[in-house]
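Subject: Structure handover

Hello,

Here is the structure I promised to pass on. Please open it first, then read my notes below.

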Amino acid sequence: YRVQQIKPFAISGVDYAGPISVKGSRGRASSRISAYICLFVCTVTKALHIELSSDLSTETFLLAFTRFAARRGPIKEIHSDCGTNFVGAANLLNPLHTFIASETYQHSVRNHLSKNQITWFFNPPSSPHFGGLWEAGVKSTKSLIFRSIGTHRLTSEELITLLTKIEATLNSRPLCALSNDPKDLEALTPSHFLTLEPSTSLPDPCLENVPLSKMQRWRLVTDLHRYFWTRWKNEYLSTLQLRTKWSDDGKQLNVGDLVLIKEPSHPLYWRYGRITDLHPGADGVSRVATVHTSSGVLTRPAVKLCPMPSC
């Protein structure tokens, strides 16, 4: 099911992350409640869909799944963990493990989905590597969300807004080169499968003369998203340059390769280029390359260039 030519999210994986503290209201004496992130991952295009669940109950999950199916279209299969891979984790995850592993949850969900001819598959117990696709999505989402939010307590609307922006950010990540054409400077992203075009971000308005108190909470969500983008982009780019130091040569650059240029940029904006020339050193290893981009020709070191997989 990972290589079928089907519509996005027709076969999906689902997993939970959390809990996250949410403010009940905007007052100082607001109550503190826990919310959970319900993450859906397309097994074919690796696109992500994030929903917020107010609690751990079968009814709440079915509501989140209904919203997911209404926005992404008909679903054929759902894959998930049976919950036992959380055994031995911190006490914080015990309620999550108890909920997912409960027979009431699994039985109710299967009966509900069978009415719509949706098949639910649970992975074998104690085998989290079977769901590595959605586990990777949870890692990218959960860890950086917690680092971005920090001690801030957001309301449910603010958290939903932040999760939607994070969803667009994760779906803008490049997967491979869009074509082998040397003049094509675009990369294929999950957003191409969802919207038939890459993700775009709205320009931020100028707020220099606007008092902070008027848009304080909106600015907070924007700043958190920008911080998430910076952290995740740096960590994601580092995974594209993995190599075994001192014992194995890294991937050599070639003329015509589509590369991702490591440099500061706005959220949802990735800078691509095609290598037009290499500059080898005395040992024959090319550590500098000339790159053709949409804004001109650049010369960058190899450590700043991330080769994209060919299509």
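A polar contact is a pair of N or O atoms within 3.5 Å; within protein, one atom must be able to donate a hydrogen and the other to accept it, and residues adjacent in sequence count only if both atoms are side-chain atoms. The side chains of histidine 192 and threonine 189 make such a contact, at 2.8 Å. Histidine 192 lies in helix 6 (residues 190-195). Helices (H or I, at least four residues) and strands (E, at least two) are DSSP runs, numbered from the N terminus. Histidine 192 counts as buried because its relative accessibility is 15%. The cut-offs: buried is under 20% relative accessible area, exposed is over 50%, and partly exposed is in between (1.4 Å probe, protein chains only).

Some ground rules. This is a predicted model, in which local features need pLDDT of at least 70 and side-chain atom pairs count only at pLDDT 80 or more, while totals for chains, interfaces and linings use all residues. Residues are numbered from 1 along each chain as its sequence is written, and side-chain values use heavy atoms, with hydrogens and water left out.

Salt bridges

The structure holds 4 salt bridges. The term means a side-chain nitrogen of Lys or Arg within 4 Å of a carboxyl oxygen of Asp or Glu. Arginine 67 forms one with glutamate 51, and their closest N and O atoms are 2.9 Å apart. Arginine 67 is in helix 1 and glutamate 51 in strand 3, so this pair ties together parts 16 residues apart in sequence. Glutamate 51 also bridges to arginine 71, with the closest N and O atoms 3.2 Å apart. That pair links strand 3 to helix 1 as well, across 20 residues.

Arginine 67 is partly exposed, at 30%. Arginine 71 is exposed, at 57%.

Another bridge joins arginine 271 and glutamate 263, whose closest N and O atoms are 2.8 Å apart. Arginine 271 is buried, with a relative accessible area of 18%.

Aromatic rings

There are 6 aromatic pairs in the structure. Rings of Phe, Tyr and Trp (its six-membered ring) pair if their centres lie within 6.5 Å; planes under 30 degrees apart count as stacked, over 60 as edge-to-face and the rest as tilted. Phenylalanine 40 and phenylalanine 65 form a tilted pair, 6.2 Å centre to centre with 55 degrees between the planes. This pair links distant parts of the chain: phenylalanine 40 sits in strand 2 and phenylalanine 65 in helix 1 (residues 58-72), 25 residues apart. Both are buried.

Phenylalanine 65 also pairs with phenylalanine 68, again tilted, at 6.0 Å and 55 degrees. These two are 3 residues apart in helix 1, which means about one helical turn separates them. Phe9, Tyr16, Phe40, Phe61, Phe65 and Phe68 form one aromatic cluster.

Positive phi values

Phenylalanine 9 is found in the segment before strand 1 (11-23). Its phi is near 70 degrees, a positive value in a residue other than glycine. Phenylalanine 9 is buried, at 0% relative accessible area. Lysine 46 lies in the loop between strand 2 (32-42) and strand 3 (48-53). Phi of lysine 46 is positive too, near 65 degrees. Lysine 46 is partly exposed, at 35%.

Sheet and helix

An open sheet is formed by 5 strands in the order 12-11-10-9-13, with antiparallel pairing. Two strands pair if DSSP finds at least two bridges between them. Strand 12 (296-301) and strand 13 (305-307) stand at the edges with a single partner each, so one side of each has no neighbour in the sheet. Strand 9 and strand 13 pair over 3 bridges. Isoleucine 261 stands opposite leucine 305 in strand 13.

Histidine 266 is in the loop between strand 9 (258-261) and strand 10 (272-280). Histidine 266 is exposed, at 63%. Its C-alpha atom is 8.2 Å from that of arginine 226, 40 residues apart along the chain.

Last, helix 5 (residues 156-170). Its buried residues include Leu159, Leu162, Leu163 and Ile166.

Best wishes
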